[in-house]
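Work through the exercises below with the sequence and the coordinates open. Each task is followed by a solution in steps.

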Amino acid sequence: MQVQLSHPARTVEVKGPKKVKDLLRELNLVVEAHLVIKGDDLVTEDEMLYDGDQIEIRPVISGG
Amino acid sequence: MNCTKCKTKAVIDLPRHNAAFCKGCFNGFVHDQVARAIKSEWMFGKDERILVAVSGGKDSLALWNILLTLGYRADGLYVDLGIGAYSEQSHTKVTKFAEAVAASHGATLHLHTVEQEAGAGIKELAQLIHRPTCSTCGTIKRYQFNRVAIEQQYDVMATGHNLDDEAARLLGNVLHWQEEYLDKQGPSLPASVAGFAKKVKPLYRLSERELAAYAVLNRIDYIVEECPMAKGSKMLQYKEVLNRLETESPGTKQTFYWGFLEKQKKKQPTATTMTEKDRAVLHPCASCSQPTTAEVCSYCKMMARAKTVIPR
Ligand SMILES: [Zn+2]
Ligand SMILES: [Zn+2]
């Protein structure tokens, strides 16, 4: 699956199937600081992601 | 994972509340948290006029959206800081939201452009007067929000500060034992003296992740990109540490900040003592008459310096 990341913007390829929780862990990303979006929809930690899915991992932290 | 409330498919899990919600129930949760904040901290009523400080980021646009949805009279104020493409993009997002959403509620958007008044954008300005960009930015935003609120006779000024912002600020203040700042860290500050608007933070019960989720779910188009000036800032470091703790022990941030608020409430400083303190030290700036502890306020000092170095 294609995973889009920010800060800096980049795309990585990850092998499915994989749970959201495990994807974040594998990329060393903190759950509380990110949202996972599949296509246009938010998904929860236990959602299974498959090859061919378009995934965006969006950081939620801003400077303020 | 299913929604804790209605058992349909959940779109977000909230470990700190031991819950998961579908879109509808999550919106209900968010609106409820804001309504609770407004009520418990005596922020404002339905007939009062609110000025929302909007930046184009998720928090302030979500706040504006929530207040309008809940039926409050809320207008927006955008301060264009003149930080190149970042400011252009955030300005566009704010304008779009104002036209597509706020206008249908009868709400309007005010605009202040730093470059127009100071003769330079925030970054150049900070360099020219030899001050850190973020503190220059802070001074200008605080000043302009207050000025517009007073001039346009708003009853209260609302900012999009969330649980993460407040917990990170509290952590910074505690790490450096800046106790003098703790009194002002509540979510509702009274208009202590003439010339100062009342300031409130209706999102202090919601985390940054929850607000980002609210924006995504409700198709609020916000600027995801980080302010280029804030990169590597202390605030971001504190937030990162807190989020690591939160992921391991859900509820850490709220226990920290809400616990602090509880303690402050029990101890004092009540609104009256804070007001008394302010009245003792504040008087009108000799130049612009906004309240200040000095002869001339820090904003006017900054603008005076800018005038000597920026050719107009
Ligand atoms: Zn539900
Ligand atoms: Zn002044």
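**Exercise 1.** Is the crossing of α2(B) and α9(B) left-handed or right-handed?

Conventions come before the steps. This is a predicted model, in which local features need pLDDT of at least 70 and side-chain atom pairs count only at pLDDT 80 or more, while totals for chains, interfaces and linings use all residues. Residues are numbered from 1 along each chain as its sequence is written, chains are lettered from A and ligands numbered from 1 in the order in which they are written, and side-chain values use heavy atoms, leaving out hydrogens and water.

*Solution.*
- Step 1. Helices (H or I, at least four residues) and strands (E, at least two) are DSSP runs, numbered from the N terminus.
- Step 2. Helix α2 of chain B covers residues 58-69, and its axis comes within 9 Å of that of α9(B), with a crossing at roughly 65°. Axes are lines fitted to C-alpha atoms, for helices over the stretch in contact, and angles run from 0 to 180 degrees between N-to-C directions.
- Step 3. The crossing of α2(B) and α9(B) is left-handed, meaning that the near helix is turned anticlockwise from the far one by less than a right angle.
- Step 4. On the α2(B) side, B:K58, B:D59, B:A62, B:N65 and B:I66 meet B:E208, B:L211, B:A212, B:Y214 and B:A215 of α9(B); contact means heavy atoms within 4.5 Å.
- Step 5. These contact residues divide into six nonpolar, one polar and three charged. Ala, Val, Leu, Ile, Met, Phe, Trp, Tyr, Cys and Pro count as nonpolar, Asp, Glu, Lys and Arg as charged, and the others, Gly among them, as polar.

**Exercise 2.** Describe the packing of α1(B) on α9(B).

*Solution.*
- Step 1. The axes of helix α1 (residues 23-40) of chain B and helix α9 (residues 208-217) of chain B come within 11 Å and cross at roughly 130°.
- Step 2. α1(B) is therefore oblique to α9(B); under 35 degrees counts as roughly parallel, over 145 as roughly antiparallel, 65 to 115 as roughly perpendicular and the rest as oblique.
- Step 3. The contact is made by B:K23, B:F26, B:N27, B:F29, B:V30 and B:H31 of α1(B) with B:E210, B:A213, B:Y214 and B:L217 of α9(B).
- Step 4. The contact residues divide into six nonpolar, two polar and two charged.
- Step 5. The crossing of α1(B) and α9(B) is left-handed.

**Exercise 3.** Which residues coordinate the zinc ion (ligand 1)?

*Solution.*
- Step 1. The donors are B:C3 (SG), B:C6 (SG), B:C22 (SG) and B:C25 (SG), at 2.3 Å. Donors are N, O and S atoms within 2.8 Å of the metal (3.2 Å for Na, K and Ca).
- Step 2. The donor atoms subtend angles of 101 to 118°, which makes the arrangement tetrahedral; for four donors, this requires all angles to lie between 85 and 135 degrees.
- Step 3. The sequence spacing of the donor residues is C-x2-C-x15-C-x2-C.
- Step 4. B:C6 lies in the segment before β1 (12-14) of chain B and B:C25 in helix α1 of chain B, so the pair ties together parts 19 residues apart in sequence.

**Exercise 4.** Where in chain A is A:P8?

*Solution.*
- Step 1. A:P8 is in the loop between β1 (2-5) and β2 (10-13) of chain A.
- Step 2. The peptide bond from A:H7 to A:P8 is cis, with omega near -5°.

Methods
Four donors count as tetrahedral if all angles lie between 85 and 135 degrees; four count as square planar and six as octahedral if opposite donors are over 155 degrees apart and all others between 65 and 115; anything else is irregular.
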